[in-house]
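Here is a set of questions about how terms apply to one structure. Each answer sets a value against its definition.

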Amino acid sequence: MHKDDQMTPNERLTAFGQGQDVDRVPILPFLATIGVKASGMSLRDMRANAANEAKVQIDCYRRLGHDCMTVDYGLHGLGIALGSQVNDPEYGVPVIQEFVLEDLKNLDSLDMTKTERKNDPELRQRFQAAELMLEAAGDECGVDVTISGPFTAAASVCPASRLLRALIRDPENVHRLIRLCTDAIINICKDLHSLGLSFTLCDPVASGTVLKKQNYIDFVFPYTKRIVDELHEIGASVGYHICGNTNNIIEPMVDAGVDLLSLDNMVDMATAKEKVGKRICLVGNVDPIGVMTDGSPADVDQSVKECFRKAHDSPCGFILATGCDIPHEGSLENLDQFMASGRKYGQWPLQAKLFG
Amino acid sequence: MTEIICVTGFLGAGKTTFLNKILPICLNGRKTAVIENDFGDAGIDAAVVGETGAVVRELSSGCICCSLKGEMKAVLLALIASESPDVIFVEPSGVSRSTDLIGALSQMKDGDSALSVNVVNLVDVANFEDYLEAFGDFYGDQIASAQTIFFSHRQGLTQEKMNELANQISEMNPVAACYLSDWLEMSGEALWELIQDPKDFVNTPAFSGSGEAKSGAGVFSSWSGASDSRFSREDLEAILASLVDGQMGQVLRAKGFCRGEGNLGWHFNYRRGSVEIKSVDAVAEGRMLAIGQNLNTAKLAELFRSRPV
């Protein structure tokens, strides 16, 4: 347990979820990229094997004492399993160089069995990494899987811009592709849930910046709801994060039935509280670039304080997080400050005078 | 100081074609680089890159929303430090918001000075209405954030429809220079001129014959010629003075070189009635370019005693 805490993350999250007293508000920075700095490793080295993946998360946990370690199935994971080719930058996040499907008309060529663990070496590595993390953390800290939501998964199979154009010209095949991706996501999550993991669906390509609300409702909502329903059936908890501006779709996002709503910094926490705070616990939303990467520790402190000021009294609860993944250019110093400020303003019971 | 030119537009709007056309022109004496980030779409022609020596960098970041901000900064600053380019073209993903891109670029500095950022947007007008209806705010944002807007895929649209779309686009961005002409038929030189100072071309009176197109929207065309004829300074002054009276069409910009007497040559620049003529070393062949509305290309050719290029 971190020296500045009185409860372990598992104790805290359990109590918090049941509306009981905790030592502080839970804190969940996005560490999929910047986390390697805690281990002095490159991103390429981290991706190389399960031991490195686990080491980065364990080193982050030991340093920060945040509330969950992460296994990153990733935004491209499904596409890669099916045959999309990615690059392997030393200090960057891989980008798809070649998509398995350039044309939706070739949908039948997809072999969905490739996404199963026995056929997907990447998924096997994620699975092993999760086992190592759980072994190291004992009863202290759980592991959450970040996995693409249905629309972003489809955009890892077929380029996003082609998918968007097909919304108009070939909607039936878009539905078919998303349906296939949805089935695969459910199967992968069920497999990983055998380790007792929780899940966060990340669907940046379904952002209000990219899709109109009606298209979200037609092409994203029903599939997301199906994933959530099936995961709830097996007792898994599901968080939901969509990047960018989600003001227009925030209600249907909650209607999907998720347990936590993680908001990008483009969404105002006070507005989100007003709209959906009575229905769901809000997670957010310090700017990962403007503050966590380009700002000073003093900026981080101010931004954390503002999040608490706006969201501390959200009826279903508030968890401090960053608004999205912190890029590799961010600093550990700001990350340490993020945790310190979270502990300062989030001490229980919450005291408005600290951040008012 | 490094100039940044962002070429934005959705899939199929012609960003890469535009770059392929303008890069060789831009490279004329300038050190040029290109940053591409289009998630798997075809990049600029290897042949164009090979011929021009432009430096090309690809962004490798994965997240569609964050990639511009974090990695763009690192790639751009590294490029400025290592190559000191005069011009950097940025071809962002077709689904990115220009406002985010401009916001990220505006925070960066080249030494002590802010970067100069110029945004060109290509609109596939054949699909404009469908895309506007179906896509999120990135699409309208690309139009609203541009200084210069070109229409692509305009074949088959009636003049009436073009004017209607021009009005709609001008309402989304009243301050941009918006070109209804077929930019594919314009020379790379003319495109380069058009995007250099878009303010010069905004609020020109609508072309005659249509009161529909609002300020900011206009049909522009270009004319290029080559000439072996020799001109005295007085000849050239008279030619450029005659561009004002409207007989050549509405010439907004003309520039070029022509042969003078003996070993002399002239470089001339005409900008909305103001004329600049400089003597230069001998010119082997005169080359001239005019941009404007309703250009009378036959008369321009006669004036410069030129042949088509």
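**Interface and sheet**

The contact, meaning heavy atoms within 4.5 Å, takes 32 residues from chain B and 33 residues from chain A. This is a predicted model, in which local features need pLDDT of at least 70 and side-chain atom pairs count only at pLDDT 80 or more, while totals for chains, interfaces and linings use all residues. Residues are numbered from 1 along each chain as its sequence is written, and side-chain values use heavy atoms, with hydrogens and water left out.

Q: What is the area buried between chain B and chain A?
A: Buried area is the accessible area (1.4 Å probe) that two parts lose on being put together, summed over both. Here that is about 2,600 Å², with 61% given by carbon and sulfur atoms.

Q: How many salt bridges are counted between chain B and chain A?
A: A salt bridge needs a side-chain nitrogen of Lys or Arg within 4 Å of a carboxyl oxygen of Asp or Glu. The count between the two chains is zero.

Q: Which helix of chain B gives the largest share of the side that touches chain A?
A: Helices are DSSP runs (H or I, at least four residues), and strands are runs of E, at least two. The largest share, five residues, comes from α5(B).

Q: What makes β12 and β15 of chain B a pair?
A: Seven bridges join them, and the rule asks for at least two.

Terms used
Chains lettered and ligands numbered in written order.
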